Amino acid sequence: MESGRSTNLIEVRGLRVAYDGKEILHGIDAGIADGAFVSIVGKSGCGKSTFLLALAGFVESSGSIHIPNEIGMVFQNYAVYPWLTVRDNIGFGLRHLGVSERDGTVRHYLEMVDLVEHADKYPAQLSGGQTQRVALARALAPNPKVVFMDEPFGALDTFTRSNMQEWLGEAWRREKKTILFVTHSIEEAIFLSDRILLFGEGRICGDLPVRFARPRTAATKFEPEFVELRKTILAILGPGTVASTATSGG
């Protein structure tokens, strides 16, 4: 992975990935601006998660990828260490810092995710939404330039998921990190993003801006423009696309 030379923080050209002789990604070109919140939406098996894994260098690929080395990752399965407290999970990637700086950083993110009172609890003592906030805080604490999120809310119930969407939108506004967010939910993608990449059969089949003002609330999802954009995405992706929420992998 290399630092980008264009105006984009992430630049991908001709990205291809194959498993067992079968090509999964077919020459993808994409650029992601610094500070953007970009969602990736498509049917199961279309290559969304593979795209993130290739950008992170976790799978072999061909083509050109220019991306910062500093990447944070949040997954559907929370990816927290169950044997560590909330405090120690957040501070896990900060062991190279001095004690004072590490403690100050951990405190900042405990406050950001509203878990100060739960700092000494273990993940098993938290709700699903709280655990995902720990995972995000741990991903953000080392100050990455890019955060990859792969179906992070897929295992949550509808009410918690909706609350977490609002919370993440506000967290992004404060931190201004570049986020690539994989989801099956069109509604979630529109609510969170300022741009949506639509994936179909290993290719980008749509690239749509999202221009709703922030902060966004539950009422945003009922605005006529929101509903129309949802219909547009459904029409591009075709039958079988999930409009609201889903939990299957992609």
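How many bridges join strand 5 to strand 6, and do these strands run parallel or antiparallel? In this predicted model, five bridges join strand 5 to strand 6 (residues 146–150), and the two run parallel. Local features need pLDDT of at least 70 and side-chain atom pairs count only at pLDDT 80 or more, while totals for chains, interfaces and linings use all residues. Residues are numbered from 1 along each chain as its sequence is written, and side-chain values use heavy atoms, with hydrogens and water left out.

The pair belongs to an open sheet of six strands, ordered 5-6-7-3-8-9 with mixed pairing. Strands (E, at least two residues) and helices (H or I, at least four) are DSSP runs numbered from the N terminus, and two strands pair if DSSP finds at least two bridges between them. Strand 5 (71–75) and strand 9 (203–209) form the edges, each pairing on one side only. On average, neighbouring strands are turned by 20 degrees against each other, direction ignored; axes are lines fitted to C-alpha atoms, for helices over the stretch in contact, and angles run from 0 to 180 degrees between N-to-C directions.

Helix 1 (residues 48–56) lies across strand 3 (37–42), strand 5, strand 6, strand 7 (178–183) and strand 8 (195–200), at about 145 degrees to strand 7. Helix 7 (residues 224–237) touches strand 3, strand 8 and strand 9, and its direction makes about 170 degrees with that of strand 9.

Some backbone details are worth a look, since most residues other than glycine have a negative phi, and most peptide bonds are trans. The Arg214 to Pro215 bond is cis, with omega near 0 degrees, and Pro215 sits in the loop between strand 9 and helix 7. Asp114 has a positive phi of about 60 degrees and lies in the loop between helix 3 (99–112) and helix 4. Glu151, with phi near 50 degrees, is in the loop between strand 6 and helix 5 (158–175). Asp114 counts as exposed at 59% relative accessibility, whereas Glu151 is buried at 2% (buried is under 20% relative accessible area, exposed over 50%, partly exposed in between, with a 1.4 Å probe and protein chains only).

Notes
Contact = heavy atoms within 4.5 Å.
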